[in-house]
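Q: Can we go through this one together? I'd like to start with the charged pairs and then move on to other things.

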Amino acid sequence: MRLFRHLTLYMALAIGANTAMAADQATLEALREDSLRRLVVHKAPKPVSDETFDLADDAGTATLADYKGKVVLLNFWATWCAPCRKEMPQISELQQEFGGEDFEVLTIATGRNSPSGIRKFFDENNIINLPRHQDNTQKLSREMAVIGLPITVLLDRDGNEVARLLGDAEWNSDSAKNIVKTMIESEE
């Protein structure tokens with residue numbers, strides 16, 4: 001009998017957790033408009049790679065787990081990528097508006113991107129508030145299934161992937177801002 005009660009309790013908790021995730025998924029999906037309609041919201045959070053990437057200015061290495069506790073907009077890009085040039089200033093606007101204890105934009109240049117080329121890219125696009133991290137070996141990119149550029153991945157506070165968008169989007173749109181705001185508020 002005791003086993004049956006425990007089993008019933010665990011089933012109820014599991015159903016409640018799945019219902020809560022479904023509500024979050026539905027909420028995020030409802031906020032997608034215009035170019036953000038291509039944002040794929042996962043039915044359940046997915047674990048991310050534990051591969052390291054290089055921090056800007058030879059400051060060492062990090063992993064995505066180092067950003068747990070914050071909602072993260074992770075953007076894989078390259079200096080030669082024309083759509084990246086278009087969307088990077090918009091992503092910078094998100095960091096300007098929401099960046100802090102609860103949210104961070106994490107930009108990682110993947111492949112062959114020289115530090116001087118990255119600085120030049122940021123200077124030409126007047127980007128002063130985003131990191132210039134790199135994934136020269138592309139190990140992180142491969143494990144994160146980066147199949148084209150740009151790819152933007154939304155991570156929850158637990159460090160799990162909850163949504164992904166292949167290609168550029170209007171990251172300074174009301175839709176994008178509402179998605180970020182909702183993720184921040186739902187996870188406080």
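Q: What does Lys-177 form a salt bridge with?
A: Its partner is Glu-97, and the closest N and O atoms are 3.1 Å apart. This is a predicted model, so that distance is computed.

Q: Is Glu-97 buried or partly exposed?
A: Glu-97 is partly exposed, because its relative accessibility is 46%. Lys-177, on the other hand, is among the buried residues of H5.

Q: Which others in H5 are buried?
A: Besides Lys-177, they are Ser-175, Ala-176, Ile-179, Val-180, Met-183 and Ile-184.

Q: How far apart are the end C-alpha atoms of H5?
A: They are 18 Å apart.

Q: Glu-104, buried or exposed?
A: Buried, with a relative accessible area of 18%; the cut-off for buried is under 20%. Lys-70 has 22% and counts as partly exposed.

Q: What about Glu-124 and Lys-120?
A: They form a salt bridge too, with the closest N and O atoms 3.8 Å apart. Both are in helix H3 (residues 115-124), four residues apart, which means about one helical turn separates them. Salt bridges with shared partners join Arg-85, Lys-120 and Glu-124 into one network.

Q: New topic. Which strand has Leu-106, and what does Leu-106 touch?
A: Leu-106 is in strand S5 (residues 103-110), and it is buried, at 0% relative accessibility. Leaving out residues up to four places away in sequence, Leu-106 touches Phe-53, Leu-64, Tyr-67, Val-72, Leu-73, Leu-74, Asn-75, Pro-131 and His-133.

Q: Last one: how many disulfides?
A: One. It joins Cys-81 to Cys-84, with an S to S distance of 2.3 Å. The link is right-handed, with 80 degrees about the S-S bond. Cys-81 is buried at 3% relative accessible area, and Cys-84 is buried at 1%.

Conventions. Residues numbered from 1 in each chain as written. Predicted model: local features only at pLDDT ≥ 70, side-chain atom pairs only at ≥ 80, totals over all residues. Heavy atoms only, no water. Disulfide = S-S within 2.5 Å. Buried < 20%, exposed > 50% of the residue type's maximum accessible area, 1.4 Å probe, protein only. Helix = DSSP H or I, 4+ residues; strand = E, 2+ residues; numbered from the N terminus. Expected span 1.5 Å × (residues − 1). Contact = heavy atoms within 4.5 Å. Salt bridge = Lys/Arg side-chain N within 4 Å of Asp/Glu carboxyl O.
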